[in-house]
Amino acid sequence: MLSDEQVDEFAERGFILVPQVVRGDVLAEAAGRIDEVVAADPPGADKRGNHFYFLPTKDEPALRAPLTRTPAFGLAEQLAGTGTLKYPWQAQIALNIPPFPHRPGIPHIDAASPEPTDEPISGTFTLLAGILMTDQLSENSGNLWVWPGTHLTHAAYFRDHGPHLHCAYPPIDLPEPEQIKGRAGDLLLAHYLLGHNIGGNYESERTRRALYFRISARDHDSHRAMFLQDPWLDYAPLRHASAPSPTEGSPAADGHG
């Protein structure tokens, strides 16, 4: 169970890191499967920085086990509500290969286009669950960068300007970023609207590995535009922390999707 302090931290900052949720054979078997995937289709010899593999969870029991055979999915449901989340159909293996002398300038949210389009809103989800598959105890070692509190700032932007402006880089004021540090088996839970980005890996000689799942509420597809404006729409236990929702029937509430 998450503590009240952890729930409050997620509400305020948009993410939490829960120590050692995945351990023992489940962690070891997932690491072994990642070894197999990388060996079968290795990055190029000159590849540096991020390298991804996307695999269907139905075909990957060892990769889905860190989410489904541990407390991880239940902890996500504690934020969103018991029985409200769908098991993700895809797992992402994320590598960050050194030396990668990179520092991200700004964050993004997961969206198909860097700029707003006239297309219906798509690609949104409720939360990101990430399993650290290697120790990341110091900064600039392939760590994920996050911008705390931007889940709320992004929602305010979409309320003020309309969800049709959904894109990877909404123009918002930014706080100082933080780098996620932890050990293999730690669980990251992050709100969809939290700004984040890939960091550099130049103070480590080891490839950073992580396993990511994009998880949606069962009815998320029916209210993507509203979710962009009300960050707690998919999080019934956290709605006390919600900013005012757009007025029913207003242009901002209707959006384009």
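Q: Buried means under 20% relative accessible area, exposed means over 50%, and partly exposed lies in between. How is Asn 50 classed by its relative accessible area?
A: First, a caution: this is a predicted model. Asn 50 has a relative accessible area of 27%, so it is partly exposed. Asn 50 sits in strand E2, which covers residues 49-56.

Q: Which residue has its C-alpha atom 5.5 Å from that of Asn 50?
A: It is Leu 95. Asn 50 and Leu 95 are 45 residues apart along the chain, yet 5.5 Å separates their C-alpha atoms.

Q: Is Thr 126 buried or exposed?
A: Use the cut-offs again. Thr 126 has 0% relative accessibility, so it counts as buried. Look for it in the loop between strand E3 (90-97) and strand E4 (127-132).

Q: With which side chain does the side chain of Thr 126 make a polar contact?
A: The partner is the side chain of Asp 234, at 2.7 Å. The cut-off for such a pair of N or O atoms is 3.5 Å.

Q: Which residues form the negative surface patch?
A: Asp 4, Glu 5, Asp 8 and Glu 12 form it. Check one member. Asp 4 has 61% relative accessibility, so it counts as exposed. Asp 4 belongs to helix H1, residues 4-13.

Q: Which residues form a nonpolar patch on the surface?
A: Find Ile 106, Tyr 169 and Leu 174. Together they have about 260 Å² of accessible area. Leu 174 is partly exposed because its relative accessibility is 38%. Leu 174 lies in the loop between helix H5 (150-161) and strand E6 (178-179).

Q: How do Gln 20 and Asn 140 count by relative accessibility?
A: At 30%, Gln 20 counts as partly exposed. At 7%, Asn 140 counts as buried.

Q: Which two residues does a cis peptide bond join?
A: Start with the rule: most peptide bonds are trans. Here, a cis bond joins Pro 98 and Pro 99, with omega about -10°. Pro 99 is in the loop between E3 and E4.

Key: Residues are numbered from 1 along each chain as its sequence is written. This is a predicted model: local features need pLDDT of at least 70, side-chain atom pairs count only at pLDDT 80 or more; totals for chains, interfaces and linings use all residues. Side-chain values use heavy atoms; hydrogens and water are left out. Patches are made of residues with over 30% relative accessible area and no salt bridge: like charges are joined within 9 Å, nonpolar side chains (Val, Leu, Ile, Met, Phe, Trp, Tyr) within 5 Å. Accessible areas come from the Shrake-Rupley method with a 1.4 Å probe; for residues, only the protein chains shown count as cover. A salt bridge is a side-chain nitrogen of Lys or Arg within 4 Å of a carboxyl oxygen of Asp or Glu. Lys and Arg count as positive and Asp and Glu as negative; His and the chain ends are not counted. The place of a charge is taken as NZ of Lys, CZ of Arg, CG of Asp or CD of Glu. Helices (H or I, at least four residues) and strands (E, at least two) are DSSP runs, numbered from the N terminus. Buried means under 20% relative accessible area, exposed over 50%, partly exposed in between (1.4 Å probe, protein chains only). A polar contact is a pair of N or O atoms within 3.5 Å; within protein, one must be able to donate a hydrogen and the other to accept it, and residues adjacent in sequence count only if both atoms are side-chain atoms.
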